[in-house]
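Subject: Structure for your review

Dear colleague,

Please find below the structure that I am handing over to you. My notes on what was found in it follow.

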Amino acid sequence: MNHASGPALEPVHLPERPADDYLAERVATLFSTSPATAIGNVFSGSMVFGVYYASAPLSGLSLWLACLVLLMLVRLGLVRAYRRDPQRVKPLTWARLTMCQCAAVGLAWGIGAIWLMSYGTPYEDVIYGCIALASVMVAMSNVSYWPAHLAFHVPMFFFLGIAYGRDPEPQATFLAICAWVVCPFIAEMGRRLQIRFNAALKLAWENQVLAHKYALANQELAVLSRTDDLTRIANKRHLDETLEREWHRCARQGEPLGVLMLDIDHFKLYNDSYGHLAGDACIRQVAEAMRASVREHVDFAARFGGEEFTVVMPGADLATACAIAERIRATVEALHLPHGGAERGYLTVSIGVASSEQGHANSEEALVGNADVALYEAKRSGRNRVEAFTPHPVQA
Ligand SMILES: Nc1nc2c(ncn2[C@@H]2O[C@H](COP(=O)(O)OP(=O)(O)OP(=O)(O)O)[C@@H](O)[C@H]2O)c(=O)[nH]1
């Protein structure tokens with residue numbers, strides 16, 4: 001774990017931008033409803049079979065129904081191929097293949113009308129028209145690709161009109177006109193439904209984008225709320241969370257947990273001499289030196305507050321924790337940042353170290369308290385040094 005540079009951002013993936021006409025999604029809808037449409041169409045055909053059973057030649061009637069069954073199988077075959085690999089061909093190709101199948105079904109119904117009505121009674125022919133209308137309803141989901149919807153019902157009603165028109169009875173002429181007039185209305189209904197459908201798809205896409213932006217903003221907020229503004233390392237809140245988690249984890253796994261507290265020496269004087277902006281820059285440099293000196297992916301460095309820092313060192317016994325602390329102290333010293341108010345003329349830090357291995361802390365807070373006691377001892381003993389916690393520090 002690289003805790004030293006604060007929490008990392010999890011990647012949030014933006015869904016792929018659909019093409020402007022959302023064709024892929026429309027095709028997906030088309031294929032999801034295709035089995036019901038295809039099977040429903042054969043049932044409509046079966047009703048026609050029942051209506052003309054007594055009047056039309058059985059062989060021709062059976063052939064017509066077999067034709068519808070065959071076209072149903074073609075559509076189901078398309079569905080199977082699409083489900084196996086939708087990328088196999090472009091969405092437009094899938095859509096056009098379905099459109100061809102729809103056109104074939106529409107023609108079968110239209111030509112069927114001409115043939116069957118040459119045998120049927122006027123009553124049966126009216127029923128044919130009703131069943132044809134019902135079959136349009138069954139295939140209404142074709143509107144997700146409007147041309148497929150047109151390809152089905154336009155030839156069907158065109159030939160239906162011709163079939164009625166061949167009968168000289170005025171009633172049949174009226175039915176022929178109705179069949180032709182209803183056709184553009186159904187087409188317009190399909191067009192409007194497709195527009196609404198596209199609008200819904202667009203809205204769904206916009207919602208996905210919004211959700212993505214919201215997730216990103218939330219992530220950034222989460223990171224910001226756990227990062228120190230000045231140094232860009234973890235802040236006190238993040239420190240508290242990590243300390244608690246590592247305390248329990250190390251206790252569970254029987255590992256020691258080391259903690260160090262670092263304080264910049266005579267920092268008030270530094271601020272007084274060089275100003276607070278220089279003081280801020282100095283704090284940043286110390287944080288960077290600390291970050292560079294801890295064990296990467298193991299130790300967790302945080303700003304405790306003011307000019308104080310904490311490093312949490314999972315698995316570190318006292319000797320290891322002291323070695324890490326010494327490395328930090330030496331790195332800061334090596335920076336030789338001028339500090340007129342300090343004994344040595346350059347900036348130094350004092351560090352107090354404690355480890356749970358010492359057995360003098362029954363909580364993470366107590367462990368930090370022990371490191372703080374050691375820090376106090378380091379200050380008292382002359383600064384620019386690392387001091388390990390001892391239960392009874394030598395009194396001056
Ligand atoms: N520039 C700057 N100064 C800060 C910041 N936070 C705390 N300080 C200053 O750090 C100084 C800490 O001073 P003290 O706690 O008196 O300790 P010290 O002068 O470092 O002395 P010793 O710790 O005893 O060596 C104060 O003057 C604070 O104003 C900060 O974010 N930026």
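A polar contact is here a pair of N or O atoms within 3.5 Å; within protein, one atom must be able to donate a hydrogen and the other to accept it, and residues adjacent in sequence count only if both atoms are side-chain atoms. With that in mind, a polar side-chain atom of Arg303 lies 2.8 Å from an oxygen atom of the ligand. The side chain of Asp280 has an N or O atom 2.7 Å from a nitrogen atom of the ligand, and for His276 a backbone N or O atom is 3.1 Å from a ligand nitrogen atom. On its own the ligand has 670 Å² of accessible area, of which the protein covers 66% (Shrake-Rupley method with a 1.4 Å probe; for residues, only the protein chains shown count as cover).

Please note that this is a predicted model, in which local features need pLDDT of at least 70 and side-chain atom pairs count only at pLDDT 80 or more, while totals for chains, interfaces and linings use all residues. Residues are numbered from 1 along each chain as its sequence is written, and side-chain values use heavy atoms, with hydrogens and water left out.

The shell around the ligand

There are 16 residues around the ligand, and His266, Phe267, Lys268, Asp280 and Arg303 come nearest (a residue is near if one of its heavy atoms lies within 4 Å). The shell divides into eight charged, five polar and three nonpolar residues. In this division Ala, Val, Leu, Ile, Met, Phe, Trp, Tyr, Cys and Pro count as nonpolar, Asp, Glu, Lys and Arg as charged, and the others, Gly among them, as polar. Helix H9 gives the most to the shell, with four residues. Helices (H or I, at least four residues) and strands (E, at least two) are DSSP runs, numbered from the N terminus.

Salt bridges

Side chains of opposite charge can pair when their charged atoms come close. A salt bridge is counted when a side-chain nitrogen of Lys or Arg lies within 4 Å of a carboxyl oxygen of Asp or Glu, and by this rule the count comes to 19. In the descriptions below, buried means under 20% relative accessible area, exposed over 50%, and partly exposed in between (1.4 Å probe, protein chains only).

Glu206 forms a salt bridge with Lys202, with the closest N and O atoms 3.4 Å apart. These two residues are four apart in helix H6 (residues 170-224), so about one helical turn separates them. Glu206 is partly exposed at 36%, and Lys202 is partly exposed at 42%.

Arg380 and Glu377 also meet in a salt bridge, at 2.7 Å from N to O. Both lie in helix H11 (residues 364-380), three residues apart, about one turn of the helix. Arg380 is partly exposed at 36%, whereas Glu377 is buried at 11%.

Arg249 and Glu255 form a salt bridge with their closest N and O atoms 4.0 Å apart, and they belong to a network of salt bridges that links Arg245, Glu246, Arg249 and Glu255.

A nonpolar surface patch

Val69, Leu70, Leu73 and Val74 form a nonpolar patch on the surface, with about 330 Å² of accessible area together. Patches are made of residues with over 30% relative accessible area and no salt bridge; like charges are joined within 9 Å and nonpolar side chains (Val, Leu, Ile, Met, Phe, Trp, Tyr) within 5 Å. Leu70 lies in helix H2 (residues 58-84) and is exposed at 53%. Val74 lies in helix H2 as well and is partly exposed at 40%.

Yours sincerely
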